[in-house]
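User: Please go through this structure with me in a few questions, giving the criteria behind each term.

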Amino acid sequence: MNKKNIRISIVVSIVIVASLFLLNRPIKNSDNILVEVKKGVFIVDVITTGELEAKHSVEIQGPKGLRAHRIWQVTIQDMIDEGTYVKKGDYVARLDASELTNKLSEYQIEYDKIQSQFIQTQLDTTLQMRQSRDDLINLAYEIEERDMTLEQSQFEPPATIKKAEIEVEKATRAHQQAQENYFIKQKQNIAKMTEVTASLQKQGLELKGLKELTQKFMIYAPEDGMLIYYKDSEGTVKIGSQIGAWNPIVATLPDLSVMLSQTYVNEVDIRKIKKSQLVEIGLDAFPEKSIEGKVIKVANVGEQRPNSDAKVFKVSVELLGADELIKPSMTTSNKIITQTHQDALFI
């Protein structure tokens with residue numbers, strides 16, 4: 001074997017020895033993780049946060065006649081504290097009636113104007129019809145006079161008689177035309193009075209409706225209960241908030257006997273959620289409490305929640321128990337049991 005081959009063999013041997021050393025030396029900062037394999041009930045769950053609300057509640061609404069008077073939004077000017085226990089008829093809130101007051105003033109002015117037109121039309125038609133009746137009476141007298149003249153001219157020359165006959169005919173025709181005109185004027189005046197009466201009645205009804213609407217800007221409790229202010233996508237209703245003509249809800253009086261935890265599940269997990277699945281519900285306010293619940297509704301359409309990039313689906317969970325400590329708007333943790341394996345090996 002020549003020297004070149006010997007050198008190659010030595011290099012190969014060194015590489016092999018080094019490789020074996022590197023492969024077999026212990027790795028620093030790494031320990032084997034050993035866990036015990038268990039056998040028994042294995043639960044698959046989805047954990048979410050939610051908020052409590054009553055399943056049934058009575059709505060406290062603002063005035064329902066806003067749209068009829070083209071008032072689209074009203075500002076809440078004053079309201080009592082949320083969570084207050086109220087009795088039926090108790091004061092809840094007051095709405096800003098400034099826009100309504102302006103409209104009421106405008107409607108009153110318009111009503112007075114139409115009422116003046118009504119009176120003027122009534123006087124005009126009365127005088128006009130009186131004049132027409134007087135004209136008919138005078139024309140009837142004129143026919144009698146012409147008839148008398150014709151009778152007295154029987155012994156007059158033919159030309160005089162003919163002239164008297166013509167005068168009688170003219171007077172008769174004038175009386176007939178006056179009668180026809182009288183009935184036409186009568187119909188015209190009836191139509192005018194009908195029109196102005198209808199306008200006055202319409203304006204009067206709108207004015208009456210506005211006055212009644214003014215009384216509804218003070219909002220009172222329709223039933224006994226704890227006051228919870230309405231919450232929408234823009235947040236909870238408060239002083240300065242506006243309620244719309246299409247949805248004038250100000251607050252609710254919840255029935256605390258049946259409560260729901262409203263929660264939202266990420267689109268990745270929503271396929272696991274089904275109605276009637278059991279839920280373990282915890283309360284942030286009372287960590288020691290745990291209440292059982294069940295899924296009663298799963299939304300079919302996702303939505304984008306504030307400060308979130310993912311789509312979520314609303315899930316309603318009904319609490320299967322009542323507790324006097326439970327209040328609306330409390331934060332909940334919801335452990336939705338999606339699968340349960342009774343005899344499984346798991347780590």
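User: Which residues gather in a patch of negative charge on the surface?

Analyst: In this predicted model, local features need pLDDT of at least 70 and side-chain atom pairs count only at pLDDT 80 or more, while totals for chains, interfaces and linings use all residues. Residues are numbered from 1 along each chain as its sequence is written, and side-chain values use heavy atoms, with hydrogens and water left out. A patch is made of residues with over 30% relative accessible area and no salt bridge, like charges being joined within 9 Å, where a salt bridge is a side-chain nitrogen of Lys or Arg within 4 Å of a carboxyl oxygen of Asp or Glu. The residues that gather in the negative patch are Glu144, Glu145, Asp147 and Glu151.

User: Is glutamate 145 buried or exposed?

Analyst: Glutamate 145 is found in helix H2, residues 98-152, a helix being a DSSP run (H or I) of at least four residues and a strand a run (E) of at least two. Buried means under 20% relative accessible area and exposed over 50%, with a 1.4 Å probe and protein chains only. Because its relative accessibility is 51%, glutamate 145 counts as exposed.

User: How many residues of strand S17 are buried?

Analyst: Strand S13 (residues 259-266) pairs with S17 in the antiparallel sense over seven bridges, where pairing requires at least two DSSP bridges. Five bridges join S15 (residues 290-298) to S17, also antiparallel. Strand S17 (residues 311-319) is largely enclosed by the rest of the structure, because the number of its nine residues that are buried is seven.

Terms used
Patches are made of residues with over 30% relative accessible area and no salt bridge: like charges are joined within 9 Å, nonpolar side chains (Val, Leu, Ile, Met, Phe, Trp, Tyr) within 5 Å. Accessible areas come from the Shrake-Rupley method with a 1.4 Å probe; for residues, only the protein chains shown count as cover. Lys and Arg count as positive and Asp and Glu as negative; His and the chain ends are not counted. The place of a charge is taken as NZ of Lys, CZ of Arg, CG of Asp or CD of Glu.
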